[in-house]
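Keep the structure open as you go.

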Amino acid sequence: MIRLFKVKEKQKELAENANGGVPIKKQTAGELRLHKDISELNLPKSCAISFPNGKDDLMNFEVSIRPDEGYYFGGTFLFSFQVSPIYPHEAPKVKCKTKVYHPNIDLEGNVCLNILREDWKPVLNINTIIYGLYHLFTEPNYEDPLNHDAAAVLRDNPKMFESNVRRAMAGGYVGQTFFPRCI
C-alpha cells in the first residue's frame, strides 16, 4: 500500500532542499492551538504577556499581573508558563516567579488553581488561566490552600492578613520569611 501523505511530505522536503530553502519546522497541534489562543487574548488592562525567549518560542512565556483591587492592589506578580506539545489536552505548567504571601501560592511559586489541575478541560485556554490567576489576587481562597499559614490568617483574622500582605509586598518579613518588594 502506498502511503500518499508520506510521499507528498518527502516531495515537498526534496523541493525545498533543491531550491536552497531552509526546511520548515512543522508546528505541533499544541503550538497551533497556543498560537490561536495568544492571538485571541483579551486580557484585563492590569495583565501583560511577554516572550523572554523571543516570539519563536511560544511554548514558554510570562504573564505579569498587577491587581487593581483587593489585598494585593498595586503589587506586580510574574508568572511563567510552560506549555506542553500536547496542549490543550494537558494544562500548562504555571509558576509564580514573585515570592508572595498568599494562601493559594506557596513559597516555591506553585499555584493552587483548580483549572490547572483536576478541572482542566481542552476547551479552556490561556485567557481563562490568566483570568483565574487574576481572580486569585482579587479574592484569595483559604479553603484550598498551598500556604496553610496564610490561609489560616485570612480565615481567622482578615485585618492581620491584610497587614501581612502589605508588609510582604513592601519588602519585609512575615514571620520568619523575607519577601522582596513587589510594589
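The expected span of a helix is 1.5 Å times one less than its number of residues. Keep that in mind for one of the helices below. Please note too that this is a predicted model.

## The sheet

Four strands form an open sheet in the order β1-β2-β3-β4, and their pairing is antiparallel. At the edges sit β1 (47–50) and β4 (93–96), each of which pairs on one side only. Direction ignored, neighbouring strands of this sheet are turned by 20° against each other on average.

Inside the sheet, β2 (residues 60–65) and β3 (residues 77–82) are joined by six bridges in the antiparallel sense. To find one of them in the viewer, look for Asn60, whose bridge partner in β3 is Gln82.

## A helix on the sheet

Helix α3 (residues 126–138) packs on this sheet and touches β1, β2, β3 and β4. The direction of α3 makes about 150° with that of β3.

Helix α5 covers residues 158–170, 13 residues in total. From first C-alpha to last, α5 reaches 18 Å, close to the 18 Å expected at 1.5 Å a residue.

Which residues of α5 are buried? They are Phe161, Asn164, Val165, Ala168 and Met169. Seen down the axis of α5, these buried residues fall within an arc of 125°, so they line one face of the helix. Their packing partners are β3, α4 (148–156), β5 (172–174) and β6 (177–179). Just after α5 comes Gly171, with a positive phi of about 95°.

Methods. Residues are numbered from 1 along each chain as its sequence is written. This is a predicted model: local features need pLDDT of at least 70, side-chain atom pairs count only at pLDDT 80 or more; totals for chains, interfaces and linings use all residues. Side-chain values use heavy atoms; hydrogens and water are left out. Two strands pair if DSSP finds at least two bridges between them. Helices (H or I, at least four residues) and strands (E, at least two) are DSSP runs, numbered from the N terminus. Axes are lines fitted to C-alpha atoms, for helices over the stretch in contact, and angles run from 0 to 180 degrees between N-to-C directions. Contact means heavy atoms within 4.5 Å. Buried means under 20% relative accessible area, exposed over 50%, partly exposed in between (1.4 Å probe, protein chains only). The arc is that of the directions from the helix axis to the C-beta atoms.
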